[in-house]
Amino acid sequence: MRAVQVQEYGGPEVLRTVETEVPEPGPGQVSVDVAYTGVNFADLKARGEGYRVPSLPFVPGLEVSGRVRALGEGVSGVEVGQEVAALTNGGAYADVVVADATTVFPLPSGVDLRTAATLPTVLPTAYALVHAVGRLQPGETVLVQGAAGGVGTAVGQLAKAAGASGVFGVVSGAAKAKYALDHGYDDVFVAPSTNSTASTNSTASTVSAGFVDEVRAATGGRGVDLALDPVGGETFRASLASLAVFGRLVSFGNASSAEPWRVGQPELYPTGLSVSGFSILTLAQTAPDALRALTEQAFAAVAEGVVSLPVTAEFPLEEASEAHRLMGGRTSTGKLLLRVA
């Protein structure tokens, strides 16, 4: 079978299509004939700096749609040939991938395979940020970094559906601002990218943290009730500074590759702030039942038309490097896919 392999860390050019053995599912696992694979920023960090990579060589990719190929011992709830979406622990840039059965989900009625490939990481993450972790209440306000990306696109719609009185986004360019305004945002602040000439050890391009004054102005000086940050570094600090009294900040990534955030009594005590974190990949390992419940709720929101995630670019499997160049250039919006079958 074909697989896109990384044998050394570096830029998009290190992605190479190779022929390799078809993986077989072990106990509690399912193999899937891949139709589409979702491209995520975590894939770029894995390729560029070894994020969550156990060893070289490796095949990137965290989410797929396709049909069940084979079942490992003890697996129930899905059948061979059934259309599914799956969250994987890597290996998804390939014709066949193996996933734990707990992270393989039958498709909701009316959801096709192309749409399904956008769901396993982005939608449960967005749903958790708004509801399970962020606990957004009707009438509250929310600030979202990366508002035009996959998670940001979904969060804008989910926050609006949850009754948010103000949904604010931060993006790195005017074109992205227009896109975000079409997907649930009331106002979008353009904070130009910094570190745009990333080395081969980092594909991250971070957003300037110069949005705090605009957030305060848009909220009458109050700040927002909930801020969602996948960037880290100075953007994390600026998101914290954008909170209202009793505000909540959820960190769900570190695209900047900055030092892990640290916050304590001096920042939190004066106005009763709180900070929490979320990683869907870690949740899959530590609390798979919670992940499954979360994913079912998120998929239901798609089936009911509450949220949609536009596919804005699609590449053949062999052109995975082009997908990485597009995403790494920080000009993409929505969701990028690799077409496999």
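Let's start at a strand pairing: Val-250 has Ser-276 in strand 15 as its bridge partner. This is a predicted model, in which local features need pLDDT of at least 70 and side-chain atom pairs count only at pLDDT 80 or more, while totals for chains, interfaces and linings use all residues. Residues are numbered from 1 along each chain as its sequence is written, and side-chain values use heavy atoms, with hydrogens and water left out.

Val-250 lies in strand 14 and is also the bridge partner of Leu-228. The pairings of strand 14 are set out below; two strands pair if DSSP finds at least two bridges between them. Helices (H or I, at least four residues) and strands (E, at least two) are DSSP runs, numbered from the N terminus.

| Strand pair | Sense | Bridges |
|---|---|---|
| Strand 13 (residues 224–229) and strand 14 | parallel | five bridges |
| Strand 14 and strand 15 (residues 274–277) | parallel | four bridges |

From strand 13, the chain passes through helix 7 (residues 233–241) to reach strand 14, a β-α-β crossover that is right-handed. Right-handed here means that, with the strands pointing away from the viewer, the path from the first strand over the helix to the second runs clockwise. Strand 14 (residues 243–251) is mostly covered, with seven of its nine residues buried; buried means under 20% relative accessible area (1.4 Å probe, protein chains only).

Now for helix 1. Seven of its nine residues are buried, so helix 1 is largely enclosed by the rest of the structure. Those buried residues are Phe-41, Asp-43, Leu-44, Lys-45, Ala-46, Arg-47 and Gly-48. Their cover includes strand 1 (2–6), strand 2 (15–19), strand 3 (29–39) and helix 11.

Helix 1 (residues 41–49) packs with helix 11 (residues 320–328) at an angle of about 105°, the axes being 10 Å apart. That makes helix 1 roughly perpendicular to helix 11, a label that applies from 65 to 115 degrees. In this packing, Phe-41, Asp-43, Leu-44 and Arg-47 of helix 1 meet His-324, Met-327 and Gly-328 of helix 11, contact meaning heavy atoms within 4.5 Å. Just after helix 1, Gly-50 adopts a positive phi of about 80°.

Strand 3 also holds Ser-31. Is Ser-31 buried or exposed? Ser-31 is buried, at a relative accessible area of 1%. Leaving aside residues up to four places away in sequence, Ser-31 touches residues including Pro-23, Pro-25, Arg-67, Val-68 and Val-97.

Definitions and conventions: Axes fitted to C-alpha atoms, helices over the stretch in contact; angles between N-to-C directions. Parallel < 35°, antiparallel > 145°, perpendicular 65-115°, else oblique. Buried < 20%, exposed > 50% of the residue type's maximum accessible area, 1.4 Å probe, protein only.
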